[in-house]
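Thanks, everyone; I would like to walk through one structure this morning, starting with the chain overall and then moving to a sheet and a helix pair. Please have the sequence and the model open while I talk.

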Amino acid sequence: MVIKHCNLHFILSMFALVLVILTSACSPSKVTTMNSDGIINVTTTIGMITDVVKEVGGEHVNVVGLMGSGVDPHLYKASQGDIKKLDQADIIFYNGLHLEGKMVEIFERMANKKPTIAVSDNIDRSSLRLGDNNMGTEYDPHIWFNVAHWMKTTESIRDGLIELDPSHKEVFEENAENYLKQLEELDLEVRVKIASIPEEGRVLVTAHDAFGYFGDAYGIKVMGLQGISTASEAGTKDLIDLRDYLVVNKIKAVFIESSVPRKAIDAVIQGANEKGHKVEIGGELFSDAMGEDGSPEGNYIGMVRHNVNTIVGALK
């Protein structure tokens with residue numbers, strides 16, 4: 001009888017141990033799945049974030065960006081393929097501030113499984129521009145147009161990678177430091193070039209209100225036909241008001257955006273021309289997406305430089 005009792009006790013103990021193991025395996029703890037060679041699998045949203053992760057992570061990251069050239073993040077809906085890419089990532093970086101508005105619930109769900117970081121979280125909210133509550137945007141999400149803000153997001157990405165992979169801390173810190181120096185130089189370059197435009201001509205008119213941070217940081221008046229989010233639509237009054245502003249203030253150029261249809265801007269230009277004031281397209285700017293991979297505008301610094309040179313060339 002004693003032997004049978006001991007066997008029963010042993011069986012029950014083993015059953016309990018197996019149950020604990022199975023329960024742990026099914027728990028939503030944040031488990032990383034880095035490759036055996038130590039490469040971090042990273043999934044990002046907009047191209048600007050993808051670019052910074054590549055700069056900071058270097059050879060120690062494998063980066064998959066969901067939104068390529070010409071893609072509007074305000075309207076973007078994740079596909080099943082995107083969900084798979086997010087599931088396979090060790091860490092996720094996204095902009096936040098409701099830029100990727102249709103993906104908020106997905107990020108909340110992923111945050112229960114793995115590090116899911118909004119790169120805008122470490123920016124002081126007092127330095128952010130207010131958004132449009134009617135569109136669900138408490139703050140303006142287009143933070144990359146102030147290079148100083150983008151330096152903050154670089155630090156956020158650096159810290160996220162270090163926390164996940166502390167063995168390469170020094171590499172991530174060195175890469176980030178080198179990239180931050182490039183951003184400091186870019187910030188100064190933008191200031192000097194915009195200051196070269198005669199003050200009365202420093203008016204930037206675009207398809208939607210994405211360049212507010214750019215205007216605040218570098219001293220140029222910004223006007224957008226649509227609101228902060230392209231999910232809002234420009235009405236007849238918006239078209240008339242902008243047309244009249246161009247005519248009265250003799251603004252000679254407006255700008256289209258690579259990720260926003262130009263139909264409404266063309267209507268404004270036609271309206272101004274009918275009023276006897278000729279307005280031209282000053283060029284195409286990259287707002288919510290960068291250029292094609294491998295092009296000069298296919299990275300963050302190149303994108304900003306292209307925008308500034310285009311603006312100065314048209315308004316100076």
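By buried I mean under 20% relative accessible area, with exposed meaning over 50% and partly exposed in between, using a 1.4 Å probe and protein chains only. On that definition, 47% of the 316 residues of the chain count as buried. This is a predicted model, in which local features need pLDDT of at least 70 and side-chain atom pairs count only at pLDDT 80 or more, while totals for chains, interfaces and linings use all residues. Residues are numbered from 1 along each chain as its sequence is written, and side-chain values use heavy atoms, with hydrogens and water left out.

The secondary structure comes to 10 helices and 10 strands, where helices (H or I, at least four residues) and strands (E, at least two) are DSSP runs numbered from the N terminus. Taking contact to mean heavy atoms within 4.5 Å, 69% of the contacts between residues at least 6 apart in sequence join residues at least 24 apart.

Now to the sheet, where 4 strands form an open arrangement in the order 2-1-3-4 with parallel pairing; two strands pair if DSSP finds at least two bridges between them. Strand 2 (61–65) and strand 4 (116–118) stand at the edges with a single partner strand each, so one side of each has no neighbour in the sheet. Strand 1, residues 40–44, pairs with strand 2 in the parallel sense over 5 bridges, and one of these joins Ile 40 to Val 61.

Which helix lies across strands 1, 2, 3 and 4? That is helix 5 (residues 147–164), which runs at about 170° to strand 3 (91–94); axes here are lines fitted to C-alpha atoms, for helices over the stretch in contact, and angles run from 0 to 180 degrees between N-to-C directions.

Finally, helix 6 (residues 169–195) and helix 10 (residues 300–315) pack at about 5°, with axes 10 Å apart. They are therefore roughly parallel to each other, a term for angles under 35 degrees. Among the residues that meet there are Leu 183 and Leu 186 in helix 6, and Val 304 and Val 308 in helix 10.

Terms used:
Angles under 35 degrees count as roughly parallel, over 145 as roughly antiparallel, 65 to 115 as roughly perpendicular and the rest as oblique.
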